[in-house]
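Here is a short briefing to read alongside the sequence and the 3D view. Please keep both open as you go.

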Amino acid sequence: MNNFDDFKHRVQIYTDSADSPYVSHLFKQCNDTIFSHAPHMQAISPPSTADIALRIKEVCADSISWRYIYNLLEDTVQDQHNGYGVSKPVIFHYVSNMIIALLVYRRHNKTLSEDILLRLMSKLNIQHPILRAAMEMLAEESLRRCYVPYTMVERTRT
């Protein structure tokens with residue numbers, strides 16, 4: 001369960017760090033972290049949002065370790081909102097939007113506006129160590145899957 005070990009390590013690092021950077025700085029840190037784990041991919045030209053959205057759905061429902069990380073993220077969000085008005089489909093919608101925002105934060109010398117970032121943060125506070133670690137890891141895996149070449153078997157199915 002290498003994913004889980006990496007997840008626990010990141011949660012510990014984010015728990016130990018006392019700084020709470022500005023929203024744009026936090027998004028830049030997350031974006032840098034995500035793309036540093038995928039050096040052959042470029043932060044300035046990530047895949048399309050539609051492709052990223054499909055990969056996010058795959059990752060969150062994939063192996064036991066990815067589902068565990070996603071379920072922990074889901075539980076944390078429900079705890080933060082005291083379970084009020086936050087259904088699992090709504091949480092997945094928030095998570096997908098946040099991951100897409102993290103991946104496309106910086107593209108072609110432009111960044112997302114502070115207004116958009118604040119609206120996203122009102123739904124999911126990624127300053128929370130568990131949420132930040134989970135979002136980054138799910139984003140990294142989704143990004144990796146966007147770049148994985150199709151095998152011959154997959155090509156013949158389409």
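By about how many helical turns are Arg-132 and Glu-136 separated in helix H7? They are about one helical turn from each other, because they sit four residues apart in that helix. The model shown here is predicted, so to speak of local features a pLDDT of at least 70 is needed and side-chain atom pairs count only at pLDDT 80 or more, while totals for chains, interfaces and linings use all residues. Residues are numbered from 1 along each chain as its sequence is written, and side-chain values use heavy atoms, with hydrogens and water left out.

**Helix H7**

- Helix H7 covers residues 129-147, 19 residues in all, and spans 27 Å from its first C-alpha to its last. That is close to the 27 Å expected at 1.5 Å a residue, where the expected span is 1.5 Å times one less than the number of residues.
- Helices here are DSSP runs of H or I with at least four residues, strands are runs of E with at least two, and both are numbered from the N terminus.
- Of the 19 residues in H7, 16 are buried, so the helix is mostly covered. Buried means under 20% relative accessible area, exposed means over 50%, and partly exposed lies in between, with a 1.4 Å probe and protein chains only.

**Salt bridges**

- The structure holds 14 salt bridges, each being a side-chain nitrogen of Lys or Arg within 4 Å of a carboxyl oxygen of Asp or Glu.
- In general, side chains of opposite charge can pair when their charged atoms come close.
- Arg-10 forms a salt bridge with Glu-140, with the closest N and O atoms 2.8 Å apart. This pair links distant parts of the chain, since Arg-10 belongs to helix H1 and Glu-140 to helix H7, 130 residues apart.
- Arg-10 counts as buried because its relative accessibility is 4%. Glu-140 is also buried, because its relative accessibility is 3%.
- Arg-10 also forms a salt bridge with Asp-6, where the closest N and O atoms are 3.4 Å apart. Asp-6 and Arg-10 both lie in helix H1, four residues apart, or about one turn of the helix.
- Asp-6 counts as partly exposed because its relative accessibility is 26%.
- A network of salt bridges links Asp-6, Arg-10, Asp-62, Arg-132, Glu-136, Glu-140, Glu-141, Arg-144 and Arg-145.

- Leaving out residues up to four places away in sequence, Glu-140 touches Arg-10, Thr-33, Ile-34 and His-37. Contact means heavy atoms within 4.5 Å.
- Arg-144 is also placed in helix H7, and counts as partly exposed because its relative accessibility is 29%.
- With the sequence neighbours up to four places away again not counted, Arg-144 touches His-37 and Met-41.
- The C-alpha atoms of Arg-144 and His-40 are separated by 9.7 Å, although these residues are 104 apart along the chain.
- The side chains of Arg-144 and Glu-141 are joined by a polar contact of 3.1 Å. A polar contact is a pair of N or O atoms within 3.5 Å; within protein, one must be able to donate a hydrogen and the other to accept it, and residues adjacent in sequence count only if both atoms are side-chain atoms.

**The nonpolar core**

- The largest nonpolar core has 48 residues, and those with the most contacts inside it are Phe-27, Leu-73, Ile-126 and Met-135. Such a core is a set of buried Ala, Val, Leu, Ile, Met, Phe, Trp, Tyr and Cys residues joined through side-chain atoms within 4.5 Å.
- Elements that give two or more residues to this core include helix H1 (2-16), helix H2 (23-36), helix H4 (64-80) and H7. The largest share, ten residues, comes from H5.
- Ile-126 touches, among others, Phe-27, Cys-30, Met-98, Leu-102 and Met-135, not counting residues up to four places away in sequence.

**The loop between E1 and E2**

- His-108 lies in the loop between strand E1 (106-107) and strand E2 (110-111), and Asn-109 is placed in that loop too.
- His-108 has a positive phi of about 50 degrees although it is not a glycine. Asn-109, also a residue other than glycine, has a positive phi near 60 degrees.
- Most residues other than glycine have a negative phi.
- His-108 counts as exposed because its relative accessibility is 53%, and Asn-109 counts as exposed because its relative accessibility is 80%.
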